[in-house]
Each structure stands twice: as C-alpha cells, then as structure tokens.
Amino acid sequence: MNSTTATAQNINDFFETYANTLVQHNTKGMAYLHHVPCTMLSDDTTTVFNDFSKLEGFFNQGMAFYRQFGIAHARADVWSRQTLTPRICKVKVQWSYSDAFKQPIYDCDYHYILKLDKYNQWKVMLSVSVNEKERMEEWKNKVAE
C-alpha cells in the first residue's frame, strides 16, 4: 500500500472512529480526537479550545441535542482530501445523521484540517461547520409542521 492509499484509509478510519464515539456519546473520546488547542469555526462563531475539559464540555452540550432529537446513527462520507504537507491534510466530510430505525434526520457538511500528532494519529486542528445550523433548523421546522 503506498503512502497516499495509507493516508486515505487512515483518514476514513479516523472519521469512522469519530462517528462511533459520537453515537456512543463518548465525549472524552471525541475530545481525544482533537488537538488542543483547536478551533471550531462557523459563520456565527469562532471558538478556540485550549483545554481538554472545556472541549469535552462543549461536546457534552452537543450530546444533549443528539439525545433530545433521537440521533442514534452518524455516518461520515469523506468527499475530498488534500494533502497540504506530509503531516497536515484538509478534508471535506458530509455527515449524515439518522434515528434508531435508520431514518434520515439531517445531513451537513464540514471541512477539517487534520494533523498527525507525535504518535502518527490524526487530530482535528480546525473544524469548519459549513451548514449544520441551517440543516438542523430546516429539520426541526419540518418536524414542527
């Protein structure tokens, strides 16, 4: 397996692990998949996390939403990846969320900057939410009708 194939597979594995920690409500595991400091970016907010416990607290807030709205499954489809340096990669992911019966709830797009740590494990340095807030709102409005 060449290094490009290995990198692609490792990134797919990384996001599969990310999805599994998300649906298991493993906020400590989710925080572990991020480098600290890291940045979460959207049109409305920019949040820099310099502390693992604050990052885990942020994910705990998100878990409350997932429980409340019955999100039981998450799938990350890696749409593109671009190697910026041998240890840094830009990745576009479409997340698909569904309920316990695997009925779609909503999907959304994210861009990530990942960096290999000193143990050659990918970690999120930057997470950019492209449209999650809008997609969530659209879904909640549909449900309310």
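Residues are numbered from 1 along each chain as its sequence is written. In this predicted model, local features need pLDDT of at least 70, side-chain atom pairs count only at pLDDT 80 or more, totals for chains, interfaces and linings use all residues, and side-chain values use heavy atoms, with hydrogens and water left out.

The mean pLDDT of the protein is 91, and 94% of the residues score at least 70. Here pLDDT is the predictor's confidence in each residue, from 0 to 100. Among the elements, helix H1 (residues 3-23) has the lowest mean pLDDT, 82. Strand S6 (residues 122-129) has the highest, 97. Helices (H or I, at least four residues) and strands (E, at least two) are DSSP runs, numbered from the N terminus.

Aromatic rings were examined next. A pair of aromatic rings is described by the distance of the centres and the angle of the planes. Rings of Phe, Tyr and Trp (its six-membered ring) pair if their centres lie within 6.5 Å; planes under 30 degrees apart count as stacked, over 60 as edge-to-face and the rest as tilted. The whole structure holds 16 aromatic pairs. In one of them, the ring centres of Phe-14 and Phe-15 are 5.0 Å apart and the planes stand at 90 degrees, so the pair is edge-to-face. Phe-14 is buried, at 6% relative accessible area. Phe-15 is also buried, at 1%. Buried means under 20% relative accessible area, exposed over 50%, and partly exposed in between (1.4 Å probe, protein chains only). For Phe-65 and Tyr-66, the centres are 5.8 Å apart and the planes at 70 degrees, so this pair is edge-to-face. Phe-65 counts as buried at 14%, and Tyr-66 counts as buried at 10%. Ring pairs link these four residues into a cluster that also includes Tyr-18, Phe-69, Trp-95 and Trp-139.

A charge also sits over a ring. Lys-123 lies over the face of Tyr-32, at 3.3 Å from the ring centre. The criterion is NZ of Lys or CZ of Arg within 6 Å of the ring centre and within 35 degrees of the ring normal.

The largest pocket holds about 770 Å³ of space. Its lining has 28 residues, and the closest to the pocket centre are Phe-58, Tyr-110, Ser-129, Glu-132 and Met-136. On a 1 Å grid over the protein atoms alone, a pocket is an open set of points where a 1.4 Å probe fits, with protein on both sides within 12 Å along at least five of seven lines; lining residues have an atom within 4 Å of a point. Grid points are joined across faces, edges and corners, and a volume is the space filled by probe spheres set on the points. Helix H3 (52-68) gives the largest share of the lining, seven residues. The lining comprises 16 nonpolar, seven polar and five charged residues. Ala, Val, Leu, Ile, Met, Phe, Trp, Tyr, Cys and Pro count as nonpolar, Asp, Glu, Lys and Arg as charged, and the others, Gly among them, as polar.

Most residues other than glycine have a negative phi, and most peptide bonds are trans. The bond from Val-36 to Pro-37 is cis, with omega near 10 degrees. Pro-37 is in strand S1. His-25 has a positive phi of about 55 degrees and is partly exposed, at 23%. Lys-102 has a positive phi near 65 degrees. Lys-102 lies in the loop between S4 and S5 and is exposed, at 58%.
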